[in-house]
Amino acid sequence: MASIAATTCSSGLILRRKDLANNGGSMLQFNGLRAIESNQVTASSGFNPTWSASTSVCVFAASKSTAIKAMVAPNVSAPKRETDPKKRVVITGMGVVSVFGNDVDTFYDKLLEGQSGITLIDRFDASTFTVRFAGQIRDFSSVGYIDGKNDRRLDDCWRYCLVAGKKALEDANLGQEALENLDKTRIGVLVGSGMGGLTAFSTGVEALVQKGFKKITPFFIPYSITNMGSALLAIDTGLMGPNYSISTACATANYCFFSAANHIRRGDADIMVAGGTEAAINATGVGGFIACRALSQRNNEPHRASRPWDQNRDGFVMGEGSGVLIMESLEHAQKRGANIIAEYLGGGVTCDAHHMTDPRKDGLGVSSCITKCLEDSGISPEEVNYVNCHATSTLAGDLAEVNAIKKVFKDTSGIKMNGTKSMIGHGLGAAGGLEAIACIKAINTGWLHPTINQDNLEPQVDIDTVPNVKKQHEVNVAISNSFGFGGHNSVVAFAPYYP
């Protein structure tokens with residue numbers, strides 16, 4: 001919201017919501033990330049709301065809720081969550097491809113154990129590189145999900161997407177037989193990527209330079225462009241609803257969740273397959289990030305390199321994979337008897353408008369993004385008790401995020417936050433997808449995974465980071481932060497579903 005500063009308190013949001021309700025205020029509809037209708041009526045008090053789609057935050061809810069005392073001003077009603085079953089968005093399936101394998105439960109079990117997936121790179125000869133380690137996926141298998149001929153041709157980015165997407169559909173009991181009985185024009189796909197088919201692109205350029213244009217494969221362009229994950233998944237499954245990709249660097253997956261949910265809320269689709277995918281651990285990707293001076297160089301201790309909020313952090317660690325959710329209207333999920341895992345409450349996206357790679361020191365872009373998420377979700381700051389942080393292990397980014405969290409949540413004593421990237425590295429466009437799954441598993445299991453390598457915490461980080469060992473914690477509302485090069489900010493939130 002352009003009219004709400006980073007320091008806006010929850011009661012300020014409540015007053016605005018009440019003003020709108022009492023004065024016939026606007027009902028926003030969204031086409032993806034863009035507000036397409038805003039019938040505003042200026043309140044008698046003179047308040048004239050302004051809206052901006054430049055920042056996004058998403059929120060989800062789970063099946064049971066912890067009683068929390070919200071600090072609300074007298075005679076002011078608290079924010080209200082969506083109640084219309086056509087507009088409530090629930091999560092009915094999850095699919096993952098990760099450094100810990102392709103099974104959601106195994107993925108989260110490894111996180112709970114505090115196991116590091118960071119190892120030396122052996123996919124290409126990195127011996128001359130100043131960074132020689134990453135969260136590289138090994139022994140990946142697409143058997144049963146991609147036919148052999150296509151599997152050999154595809155960039156790993158799209159292989160990961162297809163497997164994670166199809167596993168998510170399976171988890172939601174939406175296999176091919178079930179899909180045949182549904183209206184496929186109302187099922188869409190929105191899986192984004194920050195880098196696209198980087199290996200396909202690199203190989204094509206190499207062929208051009210070394211052998212000439214006649215030696216470029218006809219798959220060079222199709223397997224390089226970032227929309228191909230959504231397209232290929234739809235081609236394989238026959239899903240004919242809204243289909244495109246979003247590419248906002250490391251904020252990509254959360255942007256996809258936010259936009260997918262808005263398609264459901266405005267009636268464009270009943271189901272959206274949404275998330276992120278990435279496979280940039282190759283010579284081009286690693287070399288490029290080395291040139292940005294963004295990566296940790298702890299080559300002698302790869303498993304200890306990703307260390308969010310630790311005073312000895314020296315940059316992020318590259319990761320890869322895919323995380324995909326099945327997002328569905330509550331009405332449709334109930335009609336088909338789906339197993340509801342959690343609920344998406346809302347989201348928000350913003351831009352720092354500051355620098356290509358460095359975050360704003362005042363954290364305004366991030367804090368306003370969180371505020372937008374809370375408002376879109378119909379929740380107050382006091383309801384949030386878990387934050388899955390972006391927490392990449394960079395010197396500036398980690399503290400900027402914590403400062404922004406403190407601006408929004410005045411009392412952080414009941415909040416726990418952790419950094420999934422401490423174990424799997426930074427999945428770039430896939431990061432938000434992988435971390436959304438971690439959030440939902442935390443809701444379902446009642447356990448938060450640790451942030452590992454917490455040896456010497458920054459003194460200004462006084463929020464519980466779940467250091468080194470998992471903690472039991474009943475999640476009321478979880479938010480997940482993702483920020484990307486270009487100043488793109490996104491936040492999504494989940495909570496237990498309850499009827």
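Which residues in H2 meet which residues in H14? On the H2 side they are Val-104, Asp-105, Phe-107, Tyr-108 and Leu-111. On the H14 side they are Leu-434, Ile-437, Ala-438, Lys-441, Ala-442 and Thr-445. This is a predicted model. The protein chain has 14 helices and 16 strands. Of its 499 residues, 58% are buried. Among contacts with a separation of 6 or more, 79% link residues 24 or more positions apart.

**Helix H14 and its partners**

- Two packed helices are described by the angle between their axes and the distance between the axes.
- Helix H2 covers residues 104-113, and helix H14 covers residues 431-445.
- H2 and H14 pack at an angle of about 85°. Their axes are 10 Å apart.
- Angles of 65 to 115 degrees count as roughly perpendicular, so H2 and H14 are roughly perpendicular to each other.
- The contact of H2 with H14 has eight nonpolar residues, one polar residue and two charged residues.
- Helix H8, residues 252-265, also packs with H14, at an angle of about 70°. Here the axes are 5 Å apart.
- H8 is therefore roughly perpendicular to H14.
- From H8, the residues Ala-253, Asn-254 and Phe-257 take part in the contact. They meet Gly-432, Gly-433 and Ala-436 of H14.
- This contact of H8 with H14 has three nonpolar and three polar residues, and no charged ones.

**Strand S15, an enclosed strand**

- Strand S15 spans residues 478-484. Seven of its seven residues are buried, so S15 is largely enclosed by the rest of the structure.
- Both faces of S15 are covered. One side carries Ala-478, Ser-480, Ser-482 and Gly-484, all buried.
- S15 pairs with strand S11, residues 386-388, in the parallel sense. Three bridges join S11 and S15.
- S15 also pairs with strand S16, residues 488-495. S15 and S16 run antiparallel, joined by seven bridges.
- Ala-478 has a partner in each of these pairings. Tyr-386 stands opposite Ala-478, and in S16 the bridge partner of Ala-478 is Phe-494.
- S15 and S16 form a hairpin with three residues between the strands. In this hairpin, Gly-486 takes a positive phi near 100°.

**Nonpolar cores**

- In soluble globular proteins, nonpolar side chains tend to be buried together.
- The largest nonpolar core here has 50 residues. Leu-325 and Met-327 have the most contacts inside it.
- A second, separate core has 34 residues. Among them are Trp-158, Tyr-160, Leu-169 and Met-228.

**Buried residues in loops**

- Where does Arg-307 sit? Arg-307 is in the loop between helix H9 (283-291) and strand S9 (321-329).
- Arg-307 has a relative accessible area of 2%, so it is buried.
- Leaving aside residues up to four places away in sequence, Arg-307 touches Arg-298, Asn-312, Arg-313, Ser-393, Ile-452, Asn-453, Gln-454 and Asp-455.
- Trp-309 is also found in the loop between H9 and S9. Its relative accessible area is 0%, so Trp-309 is buried.
- Trp-309 is not a glycine, yet it has a positive phi of about 70°.
- Asn-453, one of the residues that Arg-307 touches, lies in the loop between strand S13 (447-448) and strand S14 (471-472).
- Asn-453 is not a glycine either, yet its phi is positive, at about 65°.
- Asn-453 is buried, with a relative accessible area of 7%.

**Ala-200 in helix H6**

- Ala-200 lies in helix H6, residues 198-211.
- Is Ala-200 buried or exposed? Buried means under 20% relative accessible area, and Ala-200 is at 18%, so it counts as buried.
- Ala-200 and Ile-221 are 21 residues apart in sequence. In space they are 8.1 Å apart, C-alpha to C-alpha.
- Ala-200 touches Asp-155, Phe-220, Tyr-223 and Ser-224, with residues up to four places away in sequence not counted.

Conventions
Residues numbered from 1 in each chain as written. Predicted model: local features only at pLDDT ≥ 70, side-chain atom pairs only at ≥ 80, totals over all residues. Heavy atoms only, no water. Buried < 20%, exposed > 50% of the residue type's maximum accessible area, 1.4 Å probe, protein only. Helix = DSSP H or I, 4+ residues; strand = E, 2+ residues; numbered from the N terminus. Pairing = 2+ DSSP bridges. Core = buried A, V, L, I, M, F, W, Y, C linked by side-chain atoms within 4.5 Å. Contact = heavy atoms within 4.5 Å. Axes fitted to C-alpha atoms, helices over the stretch in contact; angles between N-to-C directions. Parallel < 35°, antiparallel > 145°, perpendicular 65-115°, else oblique. Nonpolar A, V, L, I, M, F, W, Y, C, P; charged D, E, K, R; others polar.
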